[in-house]
Amino acid sequence: MGDKGFQHWYDTFRCSNNHCQFPARMDTDHSIRVNAVLWWSATNESANPMPQVKPVEDLRESISRHIRYTLARDERHLQASDLVKPVSLAIRDRLIDKMMETEERYERSDAKRLCYLSMEFLMGRSLGDNLANLRLYDECRLVLADMGIKLDDVLEHEPDAGLGNGGLGRLAACFLESLATLAMPGFGYGIDYEYGLFKQEISNGYQREKPDRWKALGTPFHIERPHESCLIPLYGRVEDISDEEGNTRHLWVDWKLVIGVPHDMPIAGYGGHTVNFLRLFSARASQDFDIEIFNRGDYIRAVEQKIGSENISRVLYPSDSVMSGRELRLIQEYFLVACSLQDIVRRYRLHHSDFDQFPSKVAVQMNDTHPSLAVPELMRILVDDHGVEWKKAWDITRQTFGYTNHTLLPEALEKWPVGLMQHVLPRHMQIINRINFEFLRMLSQDYVANDDQIRRMSVIEEGYEKQVRMAQLAIIGSHAVNGVSELHTELLKNSLVPDFAQLWPERFSNKTNGVAPRRWLLKANPALSNLLTRTLGDGWIMNLDHLKQLECYANDREFQLEFLSIKQRNKQKLTEVIQATTGVMVDSTSMFDVQIKRIHEYKRQLLNVMRIIHDYLRIVEDGEDLPVARTCVFAGKAAPGYWAAKQIIKLINNVAQVINNDPRVRDRIKIAFVPDYRVSLAEVIIPAADLSEQISTAGMEASGTGNMKLAMNGALTIGTLDGANVEILEEVGAENIYTFGHTPAQVQEMQREQSYRARDLYNNDLRLRRLMDALGSNMFCAEEHGLFRWIFDSILDQGDRYFHLADMTSYLEAGTKAEQDFLHTPEWARKAILNTARVGKFSSDRTIREYARDIWHIERTAG
C-alpha cells in the first residue's frame, strides 16, 4: 500500500473515538503501519477486528480487475463516482459465490421455500449494506484509501433503488435481510421498475414530481436470468370445449403475450454465510415487433405495441385516476404474480413429478392485497396447465398462501371493476366467480350465514358497477391471515373483517412488524453500534434482546455522556444535510423533533404543524420565551394525485418560511422540510432524532416501523395509542414515552355516535380558536390569499375526520412534558438509553421466526 493511500486511511482513523495521541504525519511507510497497528490495539473495543492482509489484497485485485476489464479505465484517473460500479461488482462476485453455495445447501436438503410476493421492495442502497453484512467495510475502506478515495464518498454516489415507496416496501426489505441472516430459504418476488415512484423537489413550497431515473448509471447488483424468462398472457377470450371424456375445459385463447425477464438481486445475511435473492421481473414485448403489423407497413404502430408491453415495468404505481392507468396497474399486479408463480412452479417441478407435496415445499406470502391475483393464477396453473382436479387444486392453493393485511382504512382495500377484470384477465374472472360461488354456497349451507353476512363476505361487491374485492379473495384463498401489530390484529378481527374472523378464527394471528438491526443500527449509526459492542459485546447484532443489558448503564454518568456525544455528532451531520438541501441553518444543540413518513391525512403531519403554529403565536402574540429550542424536521412524499397531502406539504413550507425568517422567534423554532425522502436520507435523520412524532389518528395506523427505528436509535416517542406505539409503550415503559390523545375505542365511539363536534371545541377554547383563525387567515399565505382556508373548513364544518382538534390539547400537554425532560439532561439521557435497551422485540429477526414457526413452516438451513 502506497504512502498516500495509507496516510489517507491513517488520517481517517487517527481521530476516531477521540484517540488523537498519534502524530498527524508519519515520515516512513513503516512508521505509519506501526502506529496504525498501535491505534487498532488502542481501540480494540471496536466492533471490527483489524482487517487482515489477505482479504484486503484479494479485494484490491478484484476491484482493479473490474476497473480495467469492465470499465476499461485507468484507475489513476478515477473519481469517487466512477468507483461505484467496480467496487459493487467486486462485492457482487463474492455474493454470487455465497449465493450458489446457499442454493446447493437448500437443494441438498430439499428445503421448503418461502416466496414473498410484494409490489414494493424499498431496498435503499446496496453497496454499504452488503459491505456491512459481508463484514468487508474496513477492508474496502483500506483498499480505496490506497487509491486516494474515501469509501464514504463512493457510497454517497450510489442511488437508492427505486423499487418501493413507504413502510410496506421497507418492511419487505428488512424481512429478506432477516431471512438470510437466520439462514432460512426465503426469497422475494417483485417488479424491476425502470423508474421509482418519483424524485421529489420542492418549488415555491409545492411538491414537484420528477422522474426517478435510478438505473441511469446501471444496476451492478442485478444478475439478469434471460434463460428463465416467463411468457405472460393478457386479454383474449375463453373458449369452452369438451375433452375426450366429455368434461368441459376452458381454453384461454387469442391472448397477447408479454415476456417477464428475471433479474436477481443477492441478499446477504449478516456474516455472509447465507445469500438469498430478490427476483425482479422486467416486461419485454413478446418479440421485437408484431411482424403482421410491420409487414402491413405500419411501423409506428408496431413500435407503439412494443413500448406498450414494456410499460408494465416502467414505473411504480402508475396513476389510477384514469381508466388507462387503472388498467396498467391491474396488469402490473397480474404480471407480478404470473411471473412469480411460473418461476415457483418451474423450480418445484425440477424435483417433483406431481403437486402432492407443493404446500409442504412452497409457502407464498402475499404482502397486502396487491398480489391477491396469485390465488386465481395458481388455480389456473394447476387446473388448466396441469390437469389437477378443482377440489384438490383448491386445497393445494389454500394451504400454500398466507396473507398479510396492512391497512385498517376500508377505502384503501383494493377493488377492481368486474368489467376491467373480464377484459384483461377473462379466465381469471371465471375462476374468481367459481371460487366465490363455492364459498357462498358453503356459507349458506354449512355456516348458515344471513344475507347481510353473505353480502359483506362475497368476493364480488354488488352495485351499479360490480367490483372484485381483493381482500376477500386473499382471505378466502389463504390458510393464514395476519395483522402487523397487536392492536391492528384486534381491529382487523373485530372491525374490518369480523365475519371472516368468526368463520375461521384459527386462520387469524398477529405478527408485529420489526426492522433489521443491521441496517438501522449497525450500519446507520456506526458510532452508537461501536459503543454498544464495546459495552456489551457483539451478540446484540444477531440477537437484539441482548440490548436489555444496557439497562444497568442507563444511570451511568460516563455512559450517558458518551451516548449523548454520539447523538450530538449525528445531529451535526443532519444539520449539514438540512442546510445543503433546504438552505435552513439550524442549531444542532436544539431538540430535533422529527416526523418522517409518507404524507397522509391520517398520519397527521397537519397536527404537528398546528402545534408549531400554536408555539409561534405564544412567542409573537403572548411574548413567551419557549423553554426549549426545537428543530422540527419533516420528510415524506405525497402521492401525485393526493391533493390534500400535497397542500399539507405546501403548508409546512409556508409556515417554515414565515417562522424561520421572523426575528421575534430568535431561533427557538426552526422548521425544515427535507426533500426526496428515501432510505439513505432516513439513515441520516433517524440517528439524529431526539423526539419521534408518531401521531396518527388512533385506530388508523396498522403498525408503523419508523417508530421502531427511531426508538432503537435513542429517540423518545411522542405518540397516540395506535399501531405498534402500544407495544413500544409496553416495552420501554410508560415513563419513557409521551402518549396522548383518544384511544381507538374512543375514536370508534365518536365515529359511531357522531358525537364529536370540532366547532364546539373551537368555540370553547381560546387557544384552539386562535390557532384555527390563524390557519384560516392569510398569515401563512400572504401571496396566495385563502390558500389554506380549506383546512379551516374541513376541520370545523366538515367533521374533522382525523380528530385534530379532539387531540390537540392532550398533544400540547405531552409536548410540554417532553420539553421539561429534555431540559434535564441526565433524565433525558436515561430515557433515551432505556429506549435503545428495550427494543429487542422490534427486530425483524423475531418477526421472521414467528412467521416461520406459525405460518410458513420453514426452518433454518445452515451448512
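Q: How far apart are the closest N and O atoms in the salt bridge between R113 and E103?
A: The general idea is to look for a Lys or Arg side-chain nitrogen within 4 Å of an Asp or Glu carboxyl oxygen. Keep in mind that this is a predicted model. Here, the closest N and O atoms of R113 and E103 sit 2.6 Å apart, and the two form a salt bridge. The pair connects distant parts of the chain, 10 residues apart: R113 belongs to strand 1 (residues 113-117) and E103 to helix 4 (residues 84-109).

Q: Are R113 and E103 buried or exposed?
A: Under 20% relative accessible area counts as buried. Both R113 and E103 are buried.

Q: Which residue does R125 pair with in a salt bridge?
A: That would be D160, with 3.5 Å between the closest N and O atoms.

Q: What about D264 and R225: where do they lie?
A: Their side chains meet in a salt bridge at 3.0 Å, N to O. D264 is in strand 9 (residues 256-268) and R225 is in the loop between strand 5 (223-224) and strand 6 (230-234), so the bridge ties together parts 39 residues apart in sequence. D264 counts as buried because its relative accessibility is 1%. R225, at 24% relative accessibility, counts as partly exposed.

Q: How many salt bridges does the count come to, and which residues are joined into one network?
A: The count comes to 78 salt bridges. When salt bridges share partners they can be read as a network, and one such network joins D593, R611, D615, R618, E624, R630 and E819.

Q: Moving on to helices, at what angle do helix 8 and helix 35 pack?
A: Two packed helices are described by the angle between their axes and the distance between those axes. For helix 8 (residues 167-181) and helix 35 (residues 844-856), the angle is about 80° and the axes are 9 Å apart. Helix 8 and helix 35 are therefore roughly perpendicular to each other. On the helix 8 side the contact is made by C174, F175, S178 and L179, and on the helix 35 side by S844, D845, T847, I848, Y851 and W856. Sorted by type, the contact residues are 6 nonpolar, 3 polar and 1 charged.

Q: In what order do the strands of the open 3-stranded sheet run?
A: The order is 13-15-14, with antiparallel pairing. Strand 13 (415-417) and strand 14 (460-461) are the edge strands, each pairing on one side only. Strand 13 pairs with strand 15 (residues 467-469) over 3 bridges, and W416 has V468 in strand 15 as its bridge partner.

Notes:
Residues are numbered from 1 along each chain as its sequence is written. This is a predicted model: local features need pLDDT of at least 70, side-chain atom pairs count only at pLDDT 80 or more; totals for chains, interfaces and linings use all residues. Side-chain values use heavy atoms; hydrogens and water are left out. Two strands pair if DSSP finds at least two bridges between them. Helices (H or I, at least four residues) and strands (E, at least two) are DSSP runs, numbered from the N terminus. Axes are lines fitted to C-alpha atoms, for helices over the stretch in contact, and angles run from 0 to 180 degrees between N-to-C directions. Angles under 35 degrees count as roughly parallel, over 145 as roughly antiparallel, 65 to 115 as roughly perpendicular and the rest as oblique. Contact means heavy atoms within 4.5 Å. Ala, Val, Leu, Ile, Met, Phe, Trp, Tyr, Cys and Pro count as nonpolar, Asp, Glu, Lys and Arg as charged, and the others, Gly among them, as polar. Buried means under 20% relative accessible area, exposed over 50%, partly exposed in between (1.4 Å probe, protein chains only).
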